[in-house]
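User: I would like to go through the terms used for this model and see what each rests on. Please set every value against its rule.

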There are 4 protein chains.
Amino acid sequence: MSEFGFVRLDGSMANDLSVVNSARVSFAQSSEELDEKAKGLINFLMRERHGTPFEHNAFRFHIKCPLFVAREWFRHRIGSFNEFSARYSLVEDDFFAPAKEHVRTQAGKPGAYMFEPVSEEIAENTILDIEEVNAYCYEAYQKLIDKGIAKELARTVLPVSMYTQFYWTVNARALMNFLSLRNHQTAQLDIRLYAEKVEEIFQEQMPVTYQSWVANGRVSP
Amino acid sequence: MSEFGFVRLDGSMANDLSVVNSARVSFAQSSEELDEKAKGLINFLMRERHGTPFEHNAFRFHIKCPLFVAREWFRHRIGSFNEFSARYSLVEDDFFAPAKEHVRTQAGKPGAYMFEPVSEEIAENTILDIEEVNAYCYEAYQKLIDKGIAKELARTVLPVSMYTQFYWTVNARALMNFLSLRNHQTAQLDIRLYAEKVEEIFQEQMPVTYQSWVANGRVSP
Amino acid sequence: MSEFGFVRLDGSMANDLSVVNSARVSFAQSSEELDEKAKGLINFLMRERHGTPFEHNAFRFHIKCPLFVAREWFRHRIGSFNEFSARYSLVEDDFFAPAKEHVRTQAGKPGAYMFEPVSEEIAENTILDIEEVNAYCYEAYQKLIDKGIAKELARTVLPVSMYTQFYWTVNARALMNFLSLRNHQTAQLDIRLYAEKVEEIFQEQMPVTYQSWVANGRVSP
Amino acid sequence: MSEFGFVRLDGSMANDLSVVNSARVSFAQSSEELDEKAKGLINFLMRERHGTPFEHNAFRFHIKCPLFVAREWFRHRIGSFNEFSARYSLVEDDFFAPAKEHVRTQAGKPGAYMFEPVSEEIAENTILDIEEVNAYCYEAYQKLIDKGIAKELARTVLPVSMYTQFYWTVNARALMNFLSLRNHQTAQLDIRLYAEKVEEIFQEQMPVTYQSWVANGRVSP
């Protein structure tokens with residue numbers, strides 16, 4: 001039982017210069033280095049929401065997260081996914097349970113929810129409750145498998161807290177859209193923890209683009 | 001507990017003539033009726049895999065199915081989805097359990113699995129096992145809700161057998177791709193039951209296109 | 001020679017209620033009519049940029065416009081296109097020339113161009129110049145055709161002012177994105193004339209969505 | 001005047017191993033090298049048309065080609081484009097004219113065209129005809145520019161033989177689809193010359209995938 005899987009950059013073709021050069025092809029020009037004028041161009045493109053020059057790059061991530069997080073992730077259609085299949089492989093005994101400080105209650109109304117912490121006692125017994133369900137379901141799954149039931153049918157008794165893993169390949173424009181939605185206060189906390197890791201990697205790989213995106217309100221261009 | 005939710009056509013802009021006219025714009029021509037020559041054109045386009053004329057139509061479906069089926073459905077990126085959210089609403093006590101004749105065991109190796117029925121006794125107690133897990137998990141979910149835990153966190157204890165519902169809007173080209181994969185012997189049986197219903201609706205709405213697709217090996221153009 | 005071709009709605013599956021119902025599926029609810037609460041929901045979705053509920057509809061347009069306008073149009077990837085082909089059919093003697101009041105000069109610098117009218121005399125002789133090129137090129141094209149040169153090669157001498165026609169099928173979300181860019185002061189005037197017609201049709205078909213989009217700054221959700 | 005521009009690989013994140021590892025994530029497995037079993041897996045995926053594992057890579061091309069070729073290229077929606085803009089920059093005196101051996105006539109009927117060479121004399125004077133139009137149009141363009149007419153309007157007199165350039169970023173799955181259509185006997189010869197260069201680069205970067213694609217009939221998975 002753990003709260004977090006992993007976010008690993010498996011490969012990339014990403015640098016700020018590709019933004020500049022794919023934009024400058026409009027003028028039949030190109031650059032070999034990222035000078036101040038080039039940085040200004042990136043900021044202009046971001047501010048004016050000229051998004052296409054931010055597509056000429058790629059990030060390939062390998063991610064492990066709970067299924068209910070993956071469900072939100074896979075809604076992002078501009079990108080490529082391949083995922084673990086419980087039709088083909090046995091699911092391992094590996095499930096999500098929240099950290100104590102992340103057990104929460106909900107206040108407010110639709111469109112404007114607020115989440116607030118619960119007492120330490122409730123947090124602790126909530127975690128125990130969740131772990132108990134996870135263990136119970138996994139045992140039921142194993143029992144069905146042992147009985148010879150097809151994996152694809154046996155897995156239907158597993159909770160959405162089960163861990164899954166996948167490859168995700170995406171360009172910076174779609175990545176910024178993902179981050180603007182998933183590393184945002186209205187996102188579910190559990191996916192935010194992953195989006196924060198993704199954001200760190202994005203910042204390392206394309207620092208000028210990243211700074212410009214933050215400076216322009218974290219709106220995907 | 002039931003094996004099937006529903007597939008409902010909520011709206012459509014679909015007819016075979018739109019295929020013909022969007023193809024004939026290549027020649028600056030159009031037709032008002034679907035004569036034999038027009039039918040021949042549809043067959044030519046299908047056979048030669050000129051896919052774009054099959055995109056000028058739309059089907060809006062309202063679907064209710066188990067979450068593990070929806071997970072496969074949402075992998076189809078060319079189309080639009082909006083789904084029930086267990087972040088915002090309470091999940092109802094409504095879960096999948098297979099029909100007796102659909103409880104199955106798996107034989108063969110990766111890439112060439114075979115599914116075979118089990119004995120009536122095993123089928124019956126498998127259904128009982130699954131229903132027991134469903135009931136157990138739903139009770140745990142309600143207990144967490146009663147304790148004040150946020151819906152988005154409480155739902156993590158629910159199994160992928162829970163029912164969800166969604167709107168899906170898709171064009172005939174993407175629909176044929178969906179059907180070629182999901183109403184196919186290698187698809188998981190549980191999604192095939194839905195794909196069969198979708199196929200019936202497609203056949204009713206675009207009968208000439210449908211016949212041509214079947215005659216050409218059910219390959220999406 | 002003319003400045004404008006046509007924009008014709010060939011079919012649609014579009015109404016404001018589909019936005020409401022595809023959004024309300026999040027709560028497992030639906031409506032049969034568009035009351036004030038439903039209108040408020042559309043406005044909320046637009047303002048908060050929840051874009052997916054605006055995808056469950058479709059517009060099929062038949063458009064005739066100059067090739068240099070079509071070139072800008074086809075950059076919009078979320079949608080379906082089928083176009084006249086000069087590989088298969090003879091191009092007709094039908095070319096764009098600007099209206100006198102639309103002949104313009106350009107001032108300002110990259111990223112902030114301004115366009116200003118020219119004198120009546122220059123406008124008139126510019127139109128004559130353009131018409132002369134169109135006639136010259138079309139004659140050269142016919143000469144190559146008469147000589148037996150393949151249509152696909154002969155057409156290379158035709159100017160981008162030539163008229164083309166195409167079918168375009170698109171949903172309201174992508175349509176709003178198109179309008180936000182192409183019916184905007186930074187768009188080329190010649191495509192704006194078309195975008196204005198598209199906007200009128202959009203307004204007729206989905207009036208509540210349209211009003212909400214305008215009220216929220218014409219930003220695609 | 002020339003028949004060919006260029007195809008340049010500007011960057012890539014492409015290797016056969018990414019196909020294997022993104023497929024093996026289905027089984028929660030991965031490889032560090034491309035052994036025989038891995039090659040067999042690539043062939044299996046290609047043959048059975050499991051296309052998604054071929055998406056976890058990227059090629060960024062810089063291409064210069066005539067506008068009528070670019071028009072066909074830009075119809076491929078799964079990928080990213082940024083192009084030279086004749087709204088912002090002056091067009092150079094750089095136009096396509098066919099090589100003598102590529103001047104052709106067309107026989108056959110729609111859907112089954114054949115192209116045949118013409119006599120040397122016709123080939124030669126066709127090239128002269130085309131070059132004359134190019135020169136005439138460019139002079140008309142310059143005259144409009146000198147008169148102060150906006151670039152975006154002046155360019156309307158230029159023929160589709162004019163050269164343009166663009167960045168194109170695409171994954172291997174979409175690339176194979178492009179090659180299956182554009183390096184095919186039914187494609188226009190002029191784009192085939194470019195598709196051949198693209199194919200060479202694809203072969204160098206992902207040799208196992210390439211061989212498998214060829215062995216399986218050049219059908220995009």
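This is a predicted model: local features need pLDDT of at least 70, side-chain atom pairs count only at pLDDT 80 or more; totals for chains, interfaces and linings use all residues.

User: Why is the pair A:Asp129 and B:Lys143 called a salt bridge?

Analyst: The N to O distance between the two side chains is 3.7 Å. The cut-off is 4 Å between a side-chain nitrogen of Lys or Arg and a carboxyl oxygen of Asp or Glu, so the pair of A:Asp129 and B:Lys143 qualifies. The rule finds 10 salt bridges across the interface of chain A and chain B.

User: What makes A:Glu55 and C:Arg77 a salt bridge?

Analyst: Their closest N and O atoms are 2.8 Å apart. Between chain C and chain A the rule finds two salt bridges. The side of chain C that touches chain A has four charged residues, along with four nonpolar and two polar ones.

User: How many residues of chain C are in contact with chain A, and what makes them count?

Analyst: There are 10 residues of chain C in contact with 10 residues of chain A. They count because heavy atoms lie within 4.5 Å. About 700 Å² is buried between these two chains, with 47% of it on carbon and sulfur atoms. On the chain C side, C:Phe27, C:Arg49 and C:Arg77 lose the most area to chain A, together 41% of what that side buries.

User: What are the corresponding values for chain A and chain B?

Analyst: The contact takes 56 residues from each of chain A and chain B. About 4,700 Å² is buried between them, and carbon and sulfur atoms give 54% of that area. The interface also has 30 residue pairs in polar contact, both residues at pLDDT 80 or more.

User: Why is the largest cavity called a cavity, and what lines it?

Analyst: The term applies because a 1.4 Å probe fits at its points but cannot get out. The largest cavity holds about 50 Å³ of space, and the count of cavities of 30 Å³ or more is three. Its lining is made up of A:Phe74, A:Arg75, A:Arg77, B:Phe74, B:Phe81 and C:Thr52.

User: How do you know where the domains of chain A lie?

Analyst: The bounds come from an automatic or database domain assignment. For chain A that assignment gives domain 1 as 6-85 + 162-215 and domain 2 as 100-157. Taken over C-alpha atoms, the centres of the two domains are 31 Å apart.

Technical notes:
Residues are numbered from 1 along each chain as its sequence is written. Chains are lettered from A and ligands numbered from 1 in the order in which they are written. Side-chain values use heavy atoms; hydrogens and water are left out. On a 1 Å grid over the protein atoms alone, a cavity is a set of points where a 1.4 Å probe fits but cannot get out, and a pocket is an open set with protein on both sides within 12 Å along at least five of seven lines; lining residues have an atom within 4 Å of a point. Grid points are joined across faces, edges and corners, and a volume is the space filled by probe spheres set on the points. Buried area is the accessible area (1.4 Å probe) that two parts lose on being put together, summed over both. A polar contact is a pair of N or O atoms within 3.5 Å; within protein, one must be able to donate a hydrogen and the other to accept it, and residues adjacent in sequence count only if both atoms are side-chain atoms. Ala, Val, Leu, Ile, Met, Phe, Trp, Tyr, Cys and Pro count as nonpolar, Asp, Glu, Lys and Arg as charged, and the others, Gly among them, as polar.
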